[in-house]
Amino acid sequence: RARYVTSSTMRSVRAYLFALVAIACAVLANANLEEHAFEGDILPLAALGATMNPDGTISGPGSKAGGPHPRQQQEMVHGWRAFKKIFGNPNKIEFGPDGQPLDPRERKGLRVIAKVFKSRAEKQLEAKNRKMGKRLGSSGLFGAKPSGAEKLGSGPELAKYVTARKRVFSLGLDPEVERTAAEWFESLGYVSLHGDRHFAKGYWGGVVSEMDARLAVSVCTGTSDVSVVSGYDFANWLPVPSVADALALDFPDAKFVLFETPVETWVKRIKAKADEARALGVKCGCVSARVGGPKPTSRSTSSKCGDATHHVCDAYPCVYEKAFSTAEMDSSIWREAYVNHIAKVKTSVPADRLLVVPLTGAHSPVTVSRALGEFIGLTATPDAFASQHPFEPHMMSLQAEHTWSFFLFLGVGIAGALVLFAPNPYAQRAAIKAGYDEFGR
């Protein structure tokens, strides 16, 4: 069963933006807030070179010299994130969107506006997450940085010998290994995101796959907002490797894992995965059935391709192009991209935060599990943990569960109850006949 978790998110965001418009209008119209009073007037954003648009976005021109302001990487973004994109850390504001230095009064005014935006955003997100029953990650949007399992909040019950909940990102590009990793972490009780799929425990011990394409869509639209994965303990597969630097910056206490597969083995596996993705892309109207053919003018409305909130074509073939430079597989180009990616990760991610797992030749699932457990710090008993949770595909997790299976089981149960408790007409007839025979005597 697929559930598009971004649907409720988008509805909440739209409601949140309308609220922000009202707040911003009040701030800009009254130039002060009773609940955040301070000496002097709040400086309107217009005086700082920024404007509030009718749709609730904030925009600002480039510097007066004609060049773009270094903080302004995106013309328009929303709410609290918009403020941070334009001005940066409210406590360290030095320049306006026009690139000009701000005086103390201007900086103080901006800090008050930032405080209003942030408090409203925090309340809105906390209320939304309570309603959805999902935990709120402690990093990304509001700038708080995770420092351990307690900061990640609660999730599913942790498996035996798993004593800590840490944040982990896998930066590998081997589709088979990354799928195994996502299943393995899910089996430990970690909330896992594999590409655009979130794994959750199913009714009968397997897992159900729920779609969450927020990161993929964000990367493909140019925003690369990694805060959308703050609600996950573990995330991997495309487009996670493409935003490794942003993840390392926004989650300073997260651990990173790099599974390294021999190049030739990887080429075979990625070709199979790319062919599978392309087949779905053709079916959904993302790409032409003929390689290099014209892009389809319409998208499929099949449920396998998405809904009004997210469509497969919003992320495909973009995520492959981001990772390998070309949307269509080219063995030589993709092979070079893979080698370069492995080398880049080894040099760009701090050594104390990165575990490289070479999967060359015969490797023991127990040995890999022990190395992961010790490095991440998710267990206090590495040997017992590794024996209980070897790093290998979990066959139970491969059992895809569907909504119809629940109703089938329910129907069989009801039928069984009817058979068990319903009166037996043949038994009644036998009793009546026995009564007549006795009466006749």
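The buried residues of H10 are Trp334, Ala337, Tyr338, His341, Ile342 and Val345. They cover an arc of only 135 degrees around the axis, which puts them on the same side of H10; the arc is that of the directions from the helix axis to the C-beta atoms. Helices (H or I, at least four residues) and strands (E, at least two) are DSSP runs, numbered from the N terminus.

The model is a predicted one, in which local features need pLDDT of at least 70 and side-chain atom pairs count only at pLDDT 80 or more, while totals for chains, interfaces and linings use all residues. Residues are numbered from 1 along each chain as its sequence is written, and side-chain values use heavy atoms, with hydrogens and water left out.

**Confidence**

The predictor's confidence in each residue is given as pLDDT, from 0 to 100. For the protein chain the mean pLDDT is 74, and 56% of the residues reach 70 or more. Over residues 25–44 the pLDDT stays under 50, and the model has 30 contacts beyond four places in sequence for this stretch. Residues 395–404 also have pLDDT below 50, with 20 contacts in the model beyond near neighbours in sequence. A contact means heavy atoms within 4.5 Å. Where pLDDT is low, the predicted coordinates should not be read in detail.

The expected span is 1.5 Å times one less than the number of residues in the helix. The buried residues of H10 pack against S9, H8, H9 and S10.

His341 belongs to this helix, which comprises residues 331–348. It counts as buried because its relative accessibility is 13%. Its side chain reaches the backbone oxygen of Leu171 at 2.7 Å, a polar contact being a pair of N or O atoms within 3.5 Å; within protein, one must be able to donate a hydrogen and the other to accept it, and residues adjacent in sequence count only if both atoms are side-chain atoms. Not counting residues up to four places away in sequence, His341 touches Leu171, Leu173 and Pro241.

Helix H11 (residues 365–376) has 12 residues, and the 16 Å from its first C-alpha to its last is close to the 16 Å expected. Its buried residues are Val368, Ser369, Leu372, Gly373, Phe375 and Ile376. Their cover includes strands S4 (168–170), S9 (255–260) and S10 (354–358), together with helices H5 (175–187) and H12 (382–388). Gly377 follows H11 and has a positive phi, near 85 degrees.

Leu188 is placed in the loop between H5 and strand S5 (192–194). With 0% relative accessibility, Leu188 counts as buried. Leaving aside neighbours within four places in sequence, the contacts of Leu188 are Glu157, Leu158, Ala159, Val162, Leu378, Phe385 and His389.

**Disulfides**

A disulfide is a pair of cysteine sulfur atoms within 2.5 Å, and by this rule the count comes to 3. With bonded cysteines counted along the chain, the pattern is 1-6, 2-4, 3-5.

| Pair | S to S distance | Torsion about S-S |
|---|---|---|
| Cys220 and Cys318 | 2.2 Å | about -110 degrees, left-handed |
| Cys284 and Cys305 | 2.0 Å | -85 degrees, left-handed |
| Cys286 and Cys313 | 2.0 Å | -90 degrees, left-handed |

The disulfide that joins Cys220 to Cys318 links distant parts of the chain, with Cys220 in helix H6 (residues 214–220) and Cys318 in helix H9 (residues 318–324), 98 residues apart. Cys220 is partly exposed at 21% relative accessible area, whereas Cys318 is buried at 19%.

In the disulfide of Cys284 and Cys305, Cys284 lies in helix H8 (residues 263–284) and Cys305 in the loop between H8 and H9, 21 residues apart. Both of these cysteines, Cys284 and Cys305, are buried.

For the disulfide of Cys286 and Cys313, both partners lie in the loop between H8 and H9, 27 residues apart. Cys286 is buried, with a relative accessible area of 3%, and Cys313 counts as buried at 12% relative accessibility.

Notes. Buried means under 20% relative accessible area, exposed over 50%, partly exposed in between (1.4 Å probe, protein chains only).
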